[in-house]
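Have the sequence and the 3D view ready. This report walks through charged contacts, strands and aromatic rings.

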Amino acid sequence: MKKSSRLFWKIFWRMLGIFLILLVAAYMLVYLLLPKVYEDYKSKALDEMMSELVVQLKESDKSEESSLLSQYAQKNDLEISVTGEDGQEIFEYYTDDTIVESTVSDSEVSIGVAGADTLDTISKSYQYIIDGELHTINITLSLQPLNEAKEVIVRIYPYASLVCLLFSIIAAFWMSKLIVDPIQNIKKVTRDMTMLEPQARIEIRSGDEIEELARDINELYIELTGVIEELRNELDYISKQENKRIDFFRTLSHEMKNPLAAIYSLIEGIIYGVEPYCDDTQKYLSECLECLGKITELIKESLYLTKEEYREEETKFSLKCAIDSEFKTYRMISRSRGIEYENRISEEISIYTKEILFHKVISNLISNAVKYTSQDGRMCFEVVEKDEGEWLRAYNDCRPMTKTEIANAFEPFTVTEDSKLQSTGLGLYIVKQILNSLGMIYDFVAVSEGMEFWIKLA
């Protein structure tokens, strides 16, 4: 037998031992208790028979006494003797003797019992009064059938032992198999579970604790595979985010490389008197300042992608106040360009989200609007009922973007030809990252005279 079946043999030998002990104990109990039980049974039966006999004697006269006693003795295979008050035998009946008759008269019958048992017989005495005389019936019952039964039990013991042994082996084998097979099934399937087999399931229909154990293991495996799948998805997401972060900083370094190289060349030309840089130093120093400003803006906006504001708790705040507070920074620029600013949102409208991050979204939307709105144009914020929900609409007058430009607008460092000098290409990319982290739905569409940015509030 395989090593994996050692539990089967352990249970088999224990069950076999238990069955053999029980069967031998039962056999010995039958052998030892049979004499006592049989003797008690015959004694009670004898009492019942003699009660009936005495009643019949009461209803008869003395002349019928001998006839009744002999018939009763022959019928029940009893040895009977009757004595009078003086101890003289009046009647006796033995299985191998003749009947001795006596004359008795009718009288009231009363019963008294005394008994003395021997090894192979039961002897009992019963008294009754008939025709004014006290008679005593002495009954002797042979226990020879019991002795024969004991001899039979001893003789069939070897054959009974073989039958009991065979029965015990079959029963122990069946019981062991009944217990071990579900455990072997659980063992086999759990090995498949360790290999993360997707269809691994324990199928047991025993209706007991083993079935409950199998069901618990199945549920545990389902939970485990679910957690593993979530961890895999999370790992894939983190890996993708990390790759995006690496690509972002590579792109950022590339974007900063060109203006830094230009600054280095301009300053080197001015210092070493290289024409034409040394002829008009003010002009080229202004260009250096402009390049440094662009680098500063790139660094400033890229830092928002790694700030701790993403971990802040959500709060409830006024939407109108949030937009107005962010617009203050751009008020002077918008006035210089003649841009008309409108905030049509009611002060009663509130929003529940991460306030600092949402302020950054509004700041970038206003910054883009101020940069791209036409001279003397208009920018507007309002809340509109749309698609069974409330949406924030941010509109500004400008050249409508093409579908290709809209598709690329959320990628980092993507700028249009007419805004290269005033944009870093990170504004809408930062907006997208923040709104995705907040779980908010957004849309960016072109209209006849400008652009609209929509954010779903509820």
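Here is a short tour of selected side-chain contacts.

The model is predicted, with local features needing pLDDT of at least 70 and side-chain atom pairs counting only at pLDDT 80 or more, while totals for chains, interfaces and linings use all residues. Residues are numbered from 1 along each chain as its sequence is written, and side-chain values use heavy atoms, with hydrogens and water left out.

**Salt bridges**

The structure holds seven salt bridges. The term means a side-chain nitrogen of Lys or Arg within 4 Å of a carboxyl oxygen of Asp or Glu. The table lists some of them.

| Pair | Closest N and O atoms |
|---|---|
| Asp192 and Lys188 | 4.0 Å |
| Glu342 and Arg344 | 3.3 Å |
| Arg344 and Glu382 | 3.5 Å |

Arg344 and Glu382 link distant parts of the chain, 38 residues apart. Arg344 sits in the loop between strands S7 (340-343) and S8 (350-353), and Glu382 in strand S9 (residues 378-385). Helices (H or I, at least four residues) and strands (E, at least two) are DSSP runs, numbered from the N terminus. Glu342, Arg344, Arg378, Glu382, Arg393 and Glu452 join in a network of salt bridges.

Is Glu382 buried or exposed? Glu382 is buried, with a relative accessible area of 15%. Buried means under 20% relative accessible area, exposed over 50%, and partly exposed in between (1.4 Å probe, protein chains only). Arg344 is partly exposed at 47%.

Asp192 and Lys188 both lie in helix H3 (residues 144-194), four residues apart, about one turn of the helix. Asp192 is partly exposed at 29%. Lys188 is exposed at 54%.

**Strand S8**

In a regular strand, side chains alternate between the two faces of the sheet. S8 has a covered face with Ile351 and Thr353, and an uncovered one with Ser350 and Tyr352. Four bridges join S8 to strand S6 (residues 315-318), and the two run antiparallel. Strands pair if DSSP finds at least two bridges between them.

**Aromatic rings**

The whole structure has eight aromatic pairs. Phe410 and Phe453 have ring centres 6.3 Å apart and planes at 55°, so the pair is tilted. Rings of Phe, Tyr and Trp (its six-membered ring) pair if their centres lie within 6.5 Å; planes under 30 degrees apart count as stacked, over 60 as edge-to-face and the rest as tilted. Phe410 is buried at 12% relative accessibility, and Phe453 is buried at 3%. Ring pairs link Phe410, Tyr442, Phe444 and Phe453 into a cluster.
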